[in-house]
There are 2 protein chains.
Amino acid sequence: MSVVDSFHTSGSSPSFAPQDQPCRVAILGFGTVGSAIATRLAGSDPIPSLQLTHVLDRRAFAKRDALADRQTAASRSPLRGNIVWTTRFEDVLASDADVVVEAIGGIEPATEWIRAALLAGKSVVTANKQIVAHHGPSLLALAERQGRQLRFEPAVGGAMPIVRAISEGLAGDRLTRIVAILNGTCNAAISSMETTGCTLAQALAEARERGWAEADPSVDVDGLDARAKLAILCALGFRLRVDPPRIQTRSIADLQPADLDEARRRGGAVRQIACAAFDYGRRSLTAWVAPAIVPRDSIFGRASGSQNAALVTGEHAGEVGVFGAGAGGPATAVAAIGDLLTIARDRAAIVRAPDLSSPALITGLDRRDRIVDLTQPQEGAARVFAEAV
Amino acid sequence: MSVVDSFHTSGSSPSFAPQDQPCRVAILGFGTVGSAIATRLAGSDPIPSLQLTHVLDRRAFAKRDALADRQTAASRSPLRGNIVWTTRFEDVLASDADVVVEAIGGIEPATEWIRAALLAGKSVVTANKQIVAHHGPSLLALAERQGRQLRFEPAVGGAMPIVRAISEGLAGDRLTRIVAILNGTCNAAISSMETTGCTLAQALAEARERGWAEADPSVDVDGLDARAKLAILCALGFRLRVDPPRIQTRSIADLQPADLDEARRRGGAVRQIACAAFDYGRRSLTAWVAPAIVPRDSIFGRASGSQNAALVTGEHAGEVGVFGAGAGGPATAVAAIGDLLTIARDRAAIVRAPDLSSPALITGLDRRDRIVDLTQPQEGAARVFAEAV
């Protein structure tokens, strides 16, 4: 086709070749998530484009020595390569690490460290839903100004790629509704209650043992964790700035085995459900996190153990669903490493901070039921969610 | 935190502001998919960062005039703005369009046009699974050399964001298995058979009326469409170069209403299933497309109408599932517009061509059943898939 040559204008060749030089990664926090990421990056099956260079932890040296002991015992190192262990964030900041993975949790010093890392020209991957929910917009704006990236797939849904699904895959739709299970700990606990007939307290203790539980179980049980994640999804899906405390929550703390039996009799199952629906005309958001009875054979009823699930409705494509392992080190590490690979592929990528606005009105549930029954015909706010489920 | 200032090194500021200047889009082909994309870009609710500038179609002027007639009748234009209609690809190539959306289908001239567009410095979005399956690697390498992008989310799974889920969201895992419904037409036809008891021929005629069917139904029915999509997913998920004809296919052409009754008696449902599993140690790929009986309450049994669904298994995160509208103009347009928005956000983004290798061995089904029963205990190749379902 002769026309090809006459219009040939070669694009600018990438001057930077990430494959030639691995992306240098510092991990803040060597707990469940941080150690799972470290094991993937510096374990027996490393990822060529990513190199673990720093591990920061309050007890860095004790943890390093414990690993070294394990190494002697098993005669192979669980973490290979030349890794700097430190207790001082200044060491990470002054280092040549390209990306910082924030896995320490809590609001401070994590927020300040993310900000400092971006200012120092490093990209950041965070698993911290509270920070993204509360300070995401300003941190993303800072990242954009710095020409760096702040990515947070591990902050919502574990390995379930809901952040990318909503912010990129479904960006071509106009989303109106998000219904989801976003807290793996609660789901695992309720699953245990269903299977064994145990109490919530017993089930939570078990979840903690498996590494699915946050340090403070009330953050999970009272819906504060799911609420923060739902606020993030409202920003990504509806372009709304929603302060998490404005989302109504009902705790699952008083959930009894008898409640699960009753749900089963109605053909359903109890789940901690996070819901949000946005009316673009009225700029009205309905959002809540609460225990709900969902049909047993729905995507939510079928989510067992620490699985997360989400059903996202758009005006053009209808419903898209996604589910997967929602908690635990290996699942969260998959999400974090996906973000690291995205950064490593194109370290000069432009990531625009979202342009968010506030809803005119935020409402919650209009029924007072202790457990919302989404299997029954509903009036008002719960109706739209019942239709989705 | 004083340390912040001392390490402040500002990143390079993006010199290009996509928001200020919309991304100019040319659409090749004004059929079901092309017209759905055009309606989204130039309809009553346009997308600020995207501007439709060109529509190419063999019957461009007749279609434009038909739209104009509709406009008079309804007294509002279905397509707004200053759009150039043309029958000549040279006009698109010579234009200032930034991105070309290929929605004409077929191998030629579509492949040549994609190549020419990339050589002319334009990025490309394609819904063409056959081209991506057969020529994806060379076209992606060309795009990389040109510093442009070739994106193809609409080529697989309609609005279900499976391309991004596998190539980005789950890039942090090592995927071992993909089981999926990838052909919306077949699924819609089988669904109709289930609901109404009609024959496959009647059901396909109905699917065609709804705009879910390809021009040649045998491409869907015989599994050639799903096979091309599965080859794409093998490249994204396993980094394998798989020539689509090497994937075994069994047609659903002889599927009878009695087959569906028999499946129902076994607690299952018949679906056209596409499967691939890769053994990294032996570099052995097992892949096939065939009618299969799946449990009625599985993600596949529950996929009705033109829905697509996929269950992706990784070594680290286990199973991640995704489902959504798999065919039709509006669903495919959502995927295409998502890709356009990704390109518009960062037109200088570096997208590396994948580094693919060939499997040492490709095998198919080791059983001769006309319909593979994935609800029963299996031996050999079908077993791994039955476990996944």
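**Sheet, chain A**

I looked up the partner of Val55(A) in strand 3 of chain A: the bridge goes to Trp85(A). I am working on a predicted model. Strand 2 (residues 50-56) of chain A pairs with strand 3 of chain A in the parallel sense, over three bridges. I then traced the whole sheet. Six strands form an open sheet in chain A, in the order 3-2-1-4-5-6, with parallel pairing. Its edges are strand 3 (84-86) and strand 6 (150-151) of chain A, each of which pairs on one side only.

**Sheet, chain B**

I repeated the trace for chain B. I find six strands in an open sheet, ordered 3-2-1-4-5-6, and the pairing is parallel. Strand 3 (84-86) and strand 6 (150-151) of chain B are the edge strands, with pairing on one side only. Strand 1 (residues 23-28) and strand 2 (residues 50-56) of chain B run parallel and are joined by six bridges. One residue checked here was Cys23(B), whose bridge partner in strand 2 of chain B is Leu50(B).

**Helix 13**

I tested the length of helix 13 (residues 329-345) of chain A. At 1.5 Å a residue, its 17 residues should span 24 Å, and the end C-alpha atoms are 24 Å apart, so the two agree. Next I checked burial. Helix 13 of chain A is largely enclosed by the rest of the structure, because 15 of its 17 residues are buried.

In chain B I picked Ile343(B), which lies in helix 13 (residues 329-345) of that chain. Is Ile343(B) buried or exposed? Ile343(B) is buried, at a relative accessible area of 0%. I listed its contacts, leaving out residues up to four places away in sequence: Val99(B), Ser123(B), Val124(B), Val125(B), Gln149(B) and Arg151(B).

**Helix 9, chain A**

I sorted helix 9 (residues 200-209) of chain A by burial. Leu200(A), Ala203(A), Leu204(A) and Ala207(A) are buried. They cover an arc of only 100° around the axis, so they sit on the same side of helix 9 of chain A. Ala201(A) and Glu209(A) are exposed on the other side. I asked what covers the buried residues of helix 9 of chain A. The cover includes helix 8 (184-196) and helix 10 (217-221) of chain A.

**Nonpolar cores**

I went to the largest nonpolar core, which has 67 residues. Ile162(A), Leu182(A), Leu230(A), Phe238(A) and Leu285(A) touch the most other members. Helix 11 (residues 224-238) of chain A gives the largest share of this core, nine residues. I noted a second, separate core of 66 residues; among its members are Ile162(B), Leu175(B), Cys234(B) and Val322(B).

I then opened up Leu285(A). Beyond four places in sequence, its contacts include Cys234(A), Phe238(A), Leu240(A), Val242(A) and Phe278(A). Pro359(A), Leu361(A), Ile362(A) and Thr363(A) are also among the residues that Leu285(A) touches.

**Aromatic rings**

How many aromatic pairs does the structure hold over all chains? I get eight. One is the pair of Phe278(B) and Tyr280(B), which is edge-to-face, at 4.8 Å centre to centre and 70° between the planes. Phe278(B) is buried, with a relative accessible area of 5%. In chain A I find a cluster: ring pairs link Phe238(A), Phe278(A) and Tyr280(A).

Key
Residues numbered from 1 in each chain as written. Chains lettered and ligands numbered in written order. Predicted model: local features only at pLDDT ≥ 70, side-chain atom pairs only at ≥ 80, totals over all residues. Heavy atoms only, no water. Helix = DSSP H or I, 4+ residues; strand = E, 2+ residues; numbered from the N terminus. Expected span 1.5 Å × (residues − 1). Buried < 20%, exposed > 50% of the residue type's maximum accessible area, 1.4 Å probe, protein only. Contact = heavy atoms within 4.5 Å. Arc of directions from axis to C-beta. Core = buried A, V, L, I, M, F, W, Y, C linked by side-chain atoms within 4.5 Å. Pairing = 2+ DSSP bridges. Phe/Tyr/Trp six-rings, centres within 6.5 Å; stacked < 30°, edge-to-face > 60°.
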